[in-house]
Amino acid sequence: MPIKQAIEVLKIEAEGILKMADRIDDNFTKMVELIYNSEGRIIVSGIGKSGIVGRKIVATLNSTGTRSLFLHPAEAMHGDLGVVGQEDIFLALSNSGETDELSSLIPSVRKIGCKIIAFTGDKNSTLAQNSDIVLDVGVEREACPLGLAPTASSTALLAMGDALAVVLLNKKHFNTSDFKKIHPGGTLGQRLSNKVQDIMLTGTSIPRVTEGTSLGDAVREINRLELGAAFVVSHDDILLGIITDGDLRRFLAKNESISGKSTEDVMSKNPRTVSPSSPAFDALNLMEQYQITVLPITDSDGRVLGILHLHDILGKGEFKFNGT
């Protein structure tokens with residue numbers, strides 16, 4: 001019974017997000033353009049569960065390059081409204097759109113002169129009617145069987161905040177080096193501060209085969225270290241190419257067998273490389289730009305010195321390429 005109930009909750013919340021996705025319209029584009037062109041901050045405000053979600057939205061926006069600040073509606077009415085300027089954008093969060101604290105605050109925000117965006121489940125609410133842009137984050141039902149505790153509605157609100165942050169991230173071309181600058185103290189920031197030579201694999205940990213090696217032996221070398229690739233090198237260790245899991249998959253899609261085939265039949269020539277002295281965040285930017293997970297590390301003569309895998313920079317399971 002607990003498992004069945006848990007599954008039902010997840011289905012209800014997923015359903016709420018998917019149906020919200022179907023309602024995305026030009027208001028979302030208007031919101032993004034307004035924020036992108038603004039010289040101010042996003043001031044996010046909400047109370048109760050919406051306030052908690054608002055703080056998370058602020059954290060996500062700040063960590064992805066959009067300056068934001070959370071403002072508690074009640075505290076705003078007692079002096080904290082002074083942080084809001086005309087150039088800022090006020091983002092109000094309320095599922096009902098009739099939250100007393102927000103309703104009391106909106107006229108004062110309007111007097112300051114900043115634009116108001118509403119995330120609400122009721123497009124006809126007081127909040128919606130007093131906002132410049134309205135995003136419909138309503139859900140048909142809460143996961144709470146009583147229909148009282150914000151569950152699906154708060155998840156939908158959070159998801160819309162994430163959608164906004166990611167779209168702005170892409171529009172601003174915010175990349176991993178930008179991420180490093182504002183995450184200097186985190187584990188990721190520390191990894192990105194390294195040089196490639198500090199984290200690359202060397203010696204017998206480099207999967208490599210010499211030119212002329214049979215494709216079967218190359219596959220065994222790829223499998224030996226499970227890095228998803230092997231380098232093809234000359235007899236004096238000059239990099240000639242790379243064979244990846246993807247190269248093998250594409251080859252087998254066109255050929256029935258690897259029998260009698262050599263590395264040269266499959267390898268990708270002139271792979272992207274970096275030097276040992278390159279910053280880790282430069283290597284990560286290159287991986288992201290070309291959608292690759294492995295980089296050969298070479299000297300100025302093209303001689304293989306090491307291999308760098310995406311996991312060596314970011315840790316297993318902690319990164320996805322933009323747009324994938």
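This is a predicted model: local features need pLDDT of at least 70, side-chain atom pairs count only at pLDDT 80 or more; totals for chains, interfaces and linings use all residues.
**Exercise 1. Rings and charges**

*Solution.* Residues are numbered from 1 along each chain as its sequence is written, and side-chain values use heavy atoms, with hydrogens and water left out.

Step 1: Now look for charges over rings, where NZ of Lys or CZ of Arg must be within 6 Å of the ring centre and within 35 degrees of the ring normal. Lys 171 sits over the face of Tyr 36, 4.7 Å from the ring centre.

**Exercise 2. H3 against H7**

Describe how helix H3 packs on helix H7.

*Solution.* Two packed helices are described by the angle between their axes and the distance between the axes.

Step 1: Find the helices, which are DSSP runs (H or I, at least four residues) numbered from the N terminus. H3 covers residues 49-63 and H7 covers residues 152-171.

Step 2: Axes are lines fitted to C-alpha atoms over the stretch in contact, and angles run from 0 to 180 degrees between N-to-C directions. Here the angle is about 15 degrees, with the axes 9 Å apart. That makes H3 roughly parallel to H7 (angles under 35 degrees count as roughly parallel, over 145 as roughly antiparallel, 65 to 115 as roughly perpendicular and the rest as oblique).

Step 3: List the contact, meaning heavy atoms within 4.5 Å. Among its residues are Val 53 and Ile 57 of H3, and Leu 157 and Gly 161 of H7. By class, the contact has 8 nonpolar, 4 polar and 2 charged residues (Ala, Val, Leu, Ile, Met, Phe, Trp, Tyr, Cys and Pro count as nonpolar, Asp, Glu, Lys and Arg as charged, and the others, Gly among them, as polar).

**Exercise 3. H2 against H7**

At what angle do H2 and H7 pack?

*Solution.* Step 1: H2 (residues 26-36) meets H7 at about 55 degrees, with the axes 11 Å apart. The two helices are therefore oblique to each other.

Step 1: Phe 28 and Tyr 36 are among the H2 residues in this contact, and Met 160 and Lys 171 are among those in H7. The contact has 10 nonpolar, no polar and 2 charged residues.
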